[in-house]
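Dear colleague,

Here is the structure I said I would pass on. My notes on it follow below.

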Amino acid sequence: MRPFTYTRPAELAAAWAELGPDAMYIAGGTNLVDLMKSGVATPAHVVDIGRLPLTGIEVDPSTDTLRIGALVPNSDLAAHPVVRERLPVLAEALLSGASPQLRNLATLGGNLMQRTRCGYFRDLAMPCNKRRPGTGCAATDGDHHRHAVLGTSEHCLATHPSDLAPALLALDAVVRIDGPAGPRTEPIEAFHLPPGATPERETTLAHGELITGVDVPLTALGAHSHYLKVSERASFAFALCSAAVALDVHEGTVRAARIVLGGVATTPWRAYAAEAALLGGPPGTAAFARAGEAATEGARPLRDNVYKVELIRRVVARALTTLEGDRG
Ligand SMILES: Cc1cc2nc3c(=O)[nH]c(=O)nc-3n(C[C@H](O)[C@H](O)[C@H](O)COP(=O)(O)OP(=O)(O)OC[C@H]3O[C@@H](n4cnc5c(N)ncnc54)[C@H](O)[C@@H]3O)c2cc1C
């Protein structure tokens, strides 16, 4: 590991003041320390944000919004009564990730900022446009069976690994950001960037900016939601395909729907065509199969990940079926 210096400021402004050009923030460290040990991340200075006052979870009654601090551990968020009762997709997504020990350390902000699990990104001996722009993408002709079928470019097909991010996208969450240029907010849908020709740029954060929290509206849609994850093992594995789904059904008709895919795209992927396939009609087996089919719109599989297209169909249909079954 490259030697580095370390500071632990207690105030926000000090955090970005200490973040020089060759420095990185660290929160729980469950992703960054791995990358530093393997030489993928080589900051000369690490700014530990663990003392910043970003640990609260509170309901803003004036807007009926859950305001979550960026440093809230994944385990605390999953156990929070408002999340369990009014945002089931969020609790289920959190509990599907990693292990209890990791969830105790992993933070909300760190989860949204975690890097891809693409093996070539983590292997310094291999070309990777995300790690070293302009070197090429070894996954295109190499082992890409876990890679993305949606949102890819000729430069990168690495999946976004988070379980939390698809759930937050299904809930229309808004990311709170602060930094040298002042505070701003951004819908989570705009926060993660598709790779295009610059796969090294994964979010809209400028250097020095940090996530201070996430706001989640507490709606009827969020209250009737579900997360389904399919992976190679039942636990402690990243998603091959997941779906965060939410439905608002009134008098037998779908009034609103959210269908967001994880594990199959380069960013958390909102399947608009699948949502449209449900709107204005009755929920049920036929409609859910149509939504599953529509969710594959735009998929561009390669040699070894064609199976993910069928997985999308089945995971979306099953997630919706489970959700409606829950209505009793
Ligand atoms: C074995 C293993 C299994 C895992 N399985 C899953 C899984 O199934 N599903 C899943 O979703 N995740 C999984 N993870 C990933 C894990 O959830 C992330 O490592 C964790 O959420 C990162 O949070 P952290 O606080 O530890 O981030 P850190 O490691 O501290 O930081 C990660 C990155 O985020 C940046 N960062 C951190 N906080 C902020 C902030 N507030 N603002 C701006 N930048 C910030 C850091 O600079 C760094 O680049 C797994 C991890 C491991 C090691």
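In this predicted model, strand E10 (residues 239–250) pairs with E11 in the antiparallel sense, over 9 bridges. One of the bridge pairs links Ser242 to Gly262 in E11. The hairpin of E10 and E11 has 2 residues between the strands, and Glu251 there takes a positive phi near 45°.

E11 (residues 253–262) is mostly covered, with 7 of its 10 residues buried. E11 also pairs with strand E12 (residues 269–270), again in the antiparallel sense, over 2 bridges. Here Val260 has Arg270 in E12 as its bridge partner. In this second hairpin there are 6 residues between E11 and E12, and Gly263 takes a positive phi near 80°.

Elsewhere there is an open sheet of 3 strands, paired parallel in the order E1-E3-E2. Strand E1 (5–7) and E2 are at the edges with a single partner strand each, so one side of each has no neighbour in the sheet. From one strand to the next the twist averages 25°. E2 and strand E3 (residues 45–48) are joined by 4 bridges, and Tyr25 has Val47 in E3 as its bridge partner.

E2 (23–26) also supplies at least two residues of the shell around the ligand, as do helix H6 (100–105), helix H7 (108–113) and strand E8 (210–217). The largest share, 4 residues, comes from H7. In total 29 residues surround the ligand, and the closest are Gly28, Gly97, Gly109, Gly110 and Met113. By type, the shell has 17 nonpolar residues, 11 polar and 1 charged.

Regards

Note on methods:
Residues are numbered from 1 along each chain as its sequence is written. This is a predicted model: local features need pLDDT of at least 70, side-chain atom pairs count only at pLDDT 80 or more; totals for chains, interfaces and linings use all residues. A residue is near a molecule or strand if its C-beta atom, placed from the backbone, lies within 6 Å of it. Ala, Val, Leu, Ile, Met, Phe, Trp, Tyr, Cys and Pro count as nonpolar, Asp, Glu, Lys and Arg as charged, and the others, Gly among them, as polar. Two strands pair if DSSP finds at least two bridges between them. Axes are lines fitted to C-alpha atoms, for helices over the stretch in contact, and angles run from 0 to 180 degrees between N-to-C directions. A residue is buried if 20 or more other C-beta atoms lie within 10 Å of its own, exposed if 12 or fewer, and partly exposed in between; C-beta atoms are placed from the backbone.
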